[in-house]
Amino acid sequence: MSAPTTAPIPTPTAPGGLPLIGHGLRLVRDPLPFITSLREYGSVVRIRIGPTPAYVVTDPALTRQVLVTDAAHFPKGGRYYDALRVFLGDGVATVADGDTHLRNRRLMQPMFSRAHIAERGNAMIDQVRTMVGAWPAAEPRDMFAGMNEITLATFLVAVFGADLPAHLEGEFTALMPEIMKGTIRQVILPPWITRLPLPANRTHADRVARLRALIDQAIDHHIGVTAPGSASADSASGAEACPHASAARREQRGLFETLLGVEDQLGRRQLQDEAITLLAGAIETTGTTLAWALYEIAGNPAVERRLREELASVCEDRPLRYDDIDQLPYARQVLQEAIRKYGPSWMVTRTAARDIVLGGHLIPEGADVVWSPYLHQHDSSRFPDPDTFDPDRWEADRVAATRGSFLAFGDGRRKCIGENLAWVELHIILATVLQIWPRFKVTSRPPRAQAVITVKPDALAMEFHSDSAG
C-alpha cells in the first residue's frame, strides 16, 4: 500500500448534504434508503456526518480489503465505535487493534468453542421452553420486545449460569433498548450536540452508569456462587464420583467462569467491558433476527410447513435437544435469510490509519470509512430480488454466488467472536417456538424496517395458538 503512482480517482459526494449537519438528517429520517442509494454513485462515496467527511464503501470486494486484506491500515474506530465505547468500554468488539485486542480475544476464545457452548445447550433450551410455554394463547404479543426478552434470558443462562437473580434480568431487559437508541443518536448527530448538557445526553449517561452497576452485581453474584465454600461450589464436591452432577454443575456455572479464571490478567473494569459487549450483541442482533424470522414465517406457509416437517423428522414428539441443532439445515437457511434481509447491522466504521488508496480513491488519514452489511446484502447483483424472503438462496448450489457479500458477522481478525453462540441461540428459540405453538399469525400492520443499532421492526404484534386450525 505505497503511495499511488497515478492520480487518485475523484471521490463522488452524495447529494443532499446540508450546512453544519451534512447528511445527518438523511441518516436520521431515512437511513436505509439513503445508505443503499449510495451504490449508484460509485464504489466509494463521500458523505458528511455533521461537518466531518466519511467514506462509504459500496463494493463488497473493497469492504473485504478493508476488513481482511489491508486490515492493518483500517483499524477499528470511527464514530460508530466511539459511540459504542460510551457503554461497551474497551470490550473485544470495540478495543483498538493491537496487542490488547489480540490478548483479550485469545483469553475469551475458549468461551465460544463448540464444546464449551454444548455444555450449556440443554440449560438454554430449558430456559426457552419455560418462557415460550408461558405465553398466553391468542393474545397479541410485541415480538421485538418479546424476542429480546427471551434472547437476553437465554444469554444470561449461558453466560452467568441458571441462578442469576430475577431483578438483574428485569433491569437488563428494560435498559438495553433505550441505551441502543441513545447510542445510534450519538453516531449520527454532530459531536458538538452529543457533548452538550442536554436532557437526552444526561439520561443516556445515567443509563450507561446503571448498566455498569448491574454488570458488576452479576459478576459479584457469579463469583459468590462459584467461590469455594458456597452452596453451589459444595454441590460439586462429589462430581468425580457422579459424572451427571459434574455436567449439571458446568451448566450452572455459565460461560463467564472462563473469564473469571483469568481475572488477574483482565482486571475488573475489563470484565465489565467484556460482559457488556456480549450482552449488547446477544440482545440486539439475535432478538431482532428472531422477530423478523417469525414475521416472515407467518407470511410464508410453504416455509413454515417445511420448517415444521424438518423439526418433526428430527425430534418426532419429544422436545428439542442440543444435539438436534446440526440436523436442522433448513432452519439455518431461514435464519440466515432473515439476517441477510434485515441486516442486522446497517452502518459500521473503520478509521484510515494513513493516507491510503482504496479502489483508486484517496482516503485521508484519520477519516471514517463506513461499510454496511445491509447495503451489501441488498445488492441485486449478488442477491437477486433482494427484498424477497427466499431461504432457498442459501442452498449449496446457489450460495457460491453470494460469497463475500454476507457480512452480518463481519470478517477478518475482528469477525464476531460470539457467532457460534448466536447460531445456537437462534436455532433453539426458533425450534422451540415452532414446537410449542402449532399456529401463529401477525396481528399488526406489516412492520417497517427501522435502523437503530440493528434494523428492527418498528411495530410487530403476533398471536400464538395451541391448535393448528385456521
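Which side chain meets that of Arg 306 in a salt bridge?

What we have here is a predicted model, in which local features need pLDDT of at least 70 and side-chain atom pairs count only at pLDDT 80 or more, while totals for chains, interfaces and linings use all residues. Residues are numbered from 1 along each chain as its sequence is written, and side-chain values use heavy atoms, with hydrogens and water left out.

To return to the opening, the partner is Glu 395, with 3.8 Å from N to O, a salt bridge being a side-chain nitrogen of Lys or Arg within 4 Å of a carboxyl oxygen of Asp or Glu. Arg 306 lies in helix α16 (residues 301–315), whereas Glu 395 lies in the loop between α18 (373–376) and α19 (396–399), so the pair ties together parts that are 89 residues apart in sequence. Helices here are DSSP runs of H or I with at least four residues, and strands are runs of E with at least two, both numbered from the N terminus. Arg 306 is partly exposed at a relative accessible area of 33%, and Glu 395 is partly exposed too, at 26%; with a 1.4 Å probe and protein chains only, buried means under 20% relative accessible area, exposed over 50%, and partly exposed in between. Asp 392 joins Arg 306 and Glu 395 in a network of salt bridges.

The structure holds 17 salt bridges. Another of them connects Glu 171 with Arg 210, their closest N and O atoms being 2.7 Å apart, and it links helix α8 (residues 166–188) to helix α10 (residues 199–226) across 39 residues.

Looking at Trp 135 itself, and leaving aside residues up to four places away in sequence, we find contacts (heavy atoms within 4.5 Å) with Arg 141, Met 143, Met 147, Ile 150, Val 433, Trp 437 and Phe 464.

Helix α20 (residues 419–436) has 18 residues and should span 26 Å at 1.5 Å a residue, which agrees with the 26 Å between its end C-alpha atoms; the expected span is 1.5 Å times one less than the number of residues. Of those 18 residues, 15 are buried. Helix α17 (residues 329–342) reaches 20 Å from its first C-alpha to its last, and 12 of its 14 residues are buried, among them Gln 333, Glu 337, Arg 340 and Lys 341. Just after α17, Gly 343 takes a positive phi of about 110°.

Finally, an open sheet of 3 strands runs in the order β3-β11-β8 with antiparallel pairing, where two strands pair if DSSP finds at least two bridges between them. The edge strands, β3 (141–142) and β8 (439–442), each pair on one side only. Between β8 and β11 (residues 461–465) there are 4 bridges, and Phe 440 stands opposite Phe 464 in β11.
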